[in-house]
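Dear colleague,

I am passing on the structure below, together with some notes on its packing. Please read the notes with the model open beside you.

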Amino acid sequence: MPKVSFYSGNPRFFVAVDCIIFGLVEGRLCLLLTKRRFQPEKGKWSVMGGFVQADESADDAARRVLRQLTGLENVYMEQVYAFSAIDRDPGERVISIAYYALLGPAEYDSGLLEEHDAVWVDINDLPELGFDHPRMVDMARAQIRRKISREPICFNLLPELFTLTQMQTLVETLTGETVDKRNFRKKIAEMDCIEKTELIDKSSSRRGALLYRYNDKVYQRQQRFKI
């Protein structure tokens, strides 16, 4: 029996997802970019994306793009915004739903990144991006700034063991604001979900710095985080 179309009198559009992927590379906050291999905007730098298929939701499509690119199933991901300007894509009318994702150090498959010609670029030295991707990146960063002081999302970027200096530097990079060292460490000391270990990192100085770890089970039980 043929399927009845209730909306045949309305136009049809392409729906895409774009993934703004952040990661820490050698201590620097970076964005994962690739140069487009095809038109439109061939040769321009771009965030990673793809079209939503008939058998998947937008969230499923974003997870597929991330899985194909990184080899990971459980990447931290948040929806940012639906970009629907009529002329945003010179090829067709395309509505794109943007997501940002946070990858921890060395979590990803370097071979897959190379296969997709994807490279990490310092967030402070981004090249010119195609389409409306600059606005996507700006909105993703703004969303992260709003969440980072009240939810423990920064630990998706940090290694399993980290110093307080590493954490403070990351928070300052994400928020674009300088944090008072004494107040920052006082707040960290009050959070049970951030545990001090007996391990010491001596990579930056002879004396070294204590290493900490994040305990998500404690956070889920207490739901207390504010920096």
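**Cores and aromatic pairs**

In the largest nonpolar core, which has 41 residues, those that touch the most other members are Ile 20, Phe 22, Tyr 100, Met 167, Ile 194 and Phe 225; such a core is a set of buried Ala, Val, Leu, Ile, Met, Phe, Trp, Tyr and Cys residues joined through side-chain atoms within 4.5 Å, where buried means under 20% relative accessible area with a 1.4 Å probe and protein chains only. A second, separate core has 23 residues, including Leu 32, Ala 61, Val 65 and Ala 118.

This is a predicted model, in which local features need pLDDT of at least 70 and side-chain atom pairs count only at pLDDT 80 or more, while totals for chains, interfaces and linings use all residues. Residues are numbered from 1 along each chain as its sequence is written, and side-chain values use heavy atoms, with hydrogens and water left out.

Leaving aside neighbours within four places in sequence, Met 167 is in contact (heavy atoms within 4.5 Å) with residues including Phe 155, Phe 162 and Phe 225. Rings of Phe, Tyr and Trp (its six-membered ring) pair if their centres lie within 6.5 Å, with planes under 30 degrees apart counted as stacked, over 60 as edge-to-face and the rest as tilted. Phe 155 and Tyr 214 are stacked, because their ring centres are 4.4 Å apart and their planes are at 5 degrees. Phe 155 counts as buried, at 11% relative accessibility.

With best regards

Key:
Buried < 20%, exposed > 50% of the residue type's maximum accessible area, 1.4 Å probe, protein only.
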